[in-house]
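Please read it beside the model.

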Amino acid sequence: MPSAGLRKRVQAVPGVPLPHGILGDCVDVVDATDPHELLGTDWMPRSCAVAHDFEWCHPDGTSGPSPKQFDRLGPCSAPPVTIYSGATCNPIGWSYDEATEQATETLRMGEQRALESWFMREQLCTMAAANDLTPGAALPIAQGVAALEGWLAETYGGQGVLHVPAGAAALLGCCRVVQLDQGAPRTLMGNCVVLGSGYAVNVGPPDCAQAPDGEAWLYITGPIRVRREAPVIVPDTDAPSVRTTTNDRFVLAERTFVVEVACCEAAAIRVELCPC
């Protein structure tokens, strides 16, 4: 092998983030313009109550209107989370701009996976604590999807989002549970599917423990929206990036996200990772 001094230094091999993650086509991703949005958000949910039928003439022969039902909804909220990537190097032969480029590229490639991991651990798992649909033992994956979609249809009534570990994607395809529709993975019911590499943390309600080997936690929610800021470089100038006590350079690239879930509710189910 030729010595290192004879080899040509080239640009790194570029990468492309996975296309169907939480920052993909299934999710409304908003670039925040108001910094207050990045401190967390509150909203009054819509389309989260049940519509009711009404009859003027009743089967018992009586007539006239009966009392109508009015639903009182509570507010929803979403906390912020900051995803970051850090680069360190010896400042001799590696400039501040190169360190910034390294941290920025690592954030671009890794932010989606880190956000998915946080979302499953800190949001989905706790939201679904009251709606664990697992009947005791794990179900075949097609049955699990059917149960989740049935829950969403009964409680929300509109299209939503399935949250599935990326390692289960092939099983959804071989069972024809999910197919690409205009570039986005969808079920027959029209629910979009986030295939998240960060969902490999594989935790579920009630205590956010990992699923046993050979099993996975799937979740379903109503529509979700992600707010994010532009990437921020820390520090934003060259000199403060050098730690003189060790003669090392440290640069961070980070951005804050807020993940909002319609109706602030989710359901979960544990499935077998085997062909249906």
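1. A search of the whole structure finds nine salt bridges, a salt bridge being a side-chain nitrogen of Lys or Arg within 4 Å of a carboxyl oxygen of Asp or Glu. This is a predicted model, in which local features need pLDDT of at least 70, side-chain atom pairs count only at pLDDT 80 or more, and totals for chains, interfaces and linings use all residues. Residues are numbered from 1 along each chain as its sequence is written, and side-chain values use heavy atoms, with hydrogens and water left out.

2. One of the bridges joins Arg228 to Asp31, at 2.8 Å from N to O. Arg228 lies in strand E12 and Asp31 in strand E1 (residues 28–31), so the pair ties together parts that are 197 residues apart in sequence. Strands (E, at least two residues) are DSSP runs numbered from the N terminus.

3. Glu260 and Arg225 also form a salt bridge, with 2.5 Å between the closest N and O atoms. Glu260 belongs to strand E15 and Arg225 to strand E12, 35 residues apart. Glu260 is buried at 3% relative accessibility, whereas Arg225 is partly exposed at 31%; buried means under 20% relative accessible area, exposed over 50%, and partly exposed in between (1.4 Å probe, protein chains only).

4. Asp238 forms a salt bridge with Arg249, the closest N and O atoms lying 2.6 Å apart. Asp238 is partly exposed at 38% relative accessibility, while Arg249 is buried at 5%.

Terms used
Helix = DSSP H or I, 4+ residues; strand = E, 2+ residues; numbered from the N terminus.
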